[in-house]
Amino acid sequence: AAGYRIRLIQIENTRTHQRFIAAVPNIKNRWVYYQLNLNRGAYHDQPLQRAWDADGAEAFAYSVLFKKDAAKVVNMRATLKDLLAEWTDRIHPEY
């Protein structure tokens, strides 16, 4: 995992202030990935997809909530899962 930073990203509907969060090991092109899938109607999170379809791309903002060096991470999948669970409990995202 050298060179990686663990990031917790947020996509927020700026009209309703509802949020989607995800823990990711690499942020490169991440916002583009979400936009492409949501614009195609192909994103797996249906509540987020429905909101994107209803309110349009311009209603959503992307940001990084948390970042951490991953150089000493042994199990990336477990670390990401734990980070997502911690932040889900903390902020209760709607999507």
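Helices here are DSSP runs of H or I with at least four residues, strands are DSSP runs of E with at least two, and both are numbered from the N terminus. This is a predicted model, in which local features need pLDDT of at least 70 and side-chain atom pairs count only at pLDDT 80 or more, while totals for chains, interfaces and linings use all residues. Residues are numbered from 1 along each chain as its sequence is written, and side-chain values use heavy atoms, with hydrogens and water left out.

I'll start with the sheet. Three strands form an open sheet in the order β2-β1-β3, with antiparallel pairing; two strands pair if DSSP finds at least two bridges between them. The edges are β2 and β3 (60-69), each of which pairs on one side only. On average, neighbouring strands are turned by 15 degrees against each other, direction ignored. Those angles are between axes, lines fitted to C-alpha atoms (for helices over the stretch in contact), and run from 0 to 180 degrees between N-to-C directions.

Strand β1 (residues 5-13) is joined to the antiparallel β3 by nine bridges. Arg 5 stands opposite Asp 69 in β3. Helix α2 (residues 46-55) lies across β1, β2 and β3, at about 140 degrees to β3.

Now the backbone. Most residues other than glycine have a negative phi. Which residues have a positive phi here? Asn 29 has one, near 65 degrees, and so does His 92, at about 50 degrees. Asn 29 is in the loop between β2 (19-24) and α1 (30-39), and His 92 is in the segment after α3 (76-91).

Are they buried or exposed? Asn 29 counts as exposed because its relative accessibility is 51%, and His 92 because its value is 54%. Exposed means over 50% relative accessible area, buried under 20%, and partly exposed in between, with a 1.4 Å probe and protein chains only.

Definitions and conventions. Contact means heavy atoms within 4.5 Å.
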